[in-house]
Each structure stands twice: as C-alpha cells, then as structure tokens.
Amino acid sequence: MCIGVPLRLIERKDFEGIGEISGVKRKITLMFVPEAKVGDYILVHAGCGMQIIDEEAAMETLELLRIISNEVS
C-alpha cells in the first residue's frame with residue numbers, strides 16, 4: 001500500500017515545485033501533473049505529484065493522517 005500526502009503547491013518552475021503543509025516544505029516533481037498551478041493541492045507520493053485534489057479532500061486526508069498518527073503513538 002502506498003500513502004499519498006496532500007501538499008499545497010507554493011512555487012513552480014517547469015516540472016519542479018515546492019509543496020507545503022503545516023510549515024513543512026518539500027521539493028516535488030510535477031511530471032505527472034503538468035497542469036498543476038500554484039495554490040493547487042497535490043497528492044504526493046515519494047516526491048512525485050500524482051494527482052490534483054480539491055481543498056476539501058486534502059483537509060479530510062490530512063485529518064485522517066493525524067488520527068492514524070495519534071493512534072500509533
């Protein structure tokens with residue numbers, strides 16, 4: 001099973017971008033989502049943007065990840 005984490009695209013240059021969530025920034029490749037724009041939420045796996053998702057789906061996913069994280073700790 002793979003886990004994709006939603007990041008908000010805050011910078012973009014060609015097929016590379018910077019995604020951010022909760023103050024954490026990561027470099028991501030946008031080869032699979034060339035239509036992504038700054039401000040979009042991107043589902044990211046292993047540094048690759050896999051899919052553009054809406055803000056509601058991003059927030060739901062992040063909340064579920066927080067719940068899982070708290071259950072494990």
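The radius of gyration used here is taken over C-alpha atoms, and the globule rule sets it at 2.2 Å times the number of residues to the power 0.38. With 73 residues, a compact globule would come out near 11 Å, and the protein chain has 12 Å, which agrees. Before going further, note that this is a predicted model, where local features need pLDDT of at least 70 and side-chain atom pairs count only at pLDDT 80 or more, while totals for chains, interfaces and linings use all residues. Residues are numbered from 1 along each chain as its sequence is written, and side-chain values use heavy atoms, with hydrogens and water left out.

Now for the overall layout. The protein chain has 1 helix and 5 strands, and from the N terminus they run β-β-β-β-β-α. Helices (H or I, at least four residues) and strands (E, at least two) are DSSP runs, numbered from the N terminus. Along the principal axes, the C-alpha atoms fill a box of roughly 40 × 25 × 20 Å.

What about the inside? Of the 73 residues, 26% count as buried, meaning under 20% relative accessible area with a 1.4 Å probe, protein chains only. The largest nonpolar core holds 13 residues, and L9, I28 and I42 touch the most other members. Such a core is a set of buried Ala, Val, Leu, Ile, Met, Phe, Trp, Tyr and Cys residues joined through side-chain atoms within 4.5 Å. Strand 1 (5-13), strand 4 (41-45) and helix 1 (55-72) each give it two or more residues, with the largest share, 3 residues, coming from strand 4.

Take a look at L9. Setting aside residues up to four places away in sequence, L9 touches a list that includes G19, I28, G39 and I42; contact here means heavy atoms within 4.5 Å. Is G19 buried or exposed? G19 has a relative accessible area of 0%, so it counts as buried. Beyond its neighbours within four places, G19 is in contact with L7, R8, L9, V24, K25, R26 and I28. G19 and G39 are 20 residues apart in sequence, and their C-alpha atoms lie 9.4 Å apart in space.

Finally, the charges. The protein chain carries 8 positive and 12 negative side chains, and the centres of the two sets lie 9 Å apart. Lys and Arg count as positive and Asp and Glu as negative, leaving out His and the chain ends; each charge is placed at NZ of Lys, CZ of Arg, CG of Asp or CD of Glu.

Conventions:
Buried < 20%, exposed > 50% of the residue type's maximum accessible area, 1.4 Å probe, protein only.
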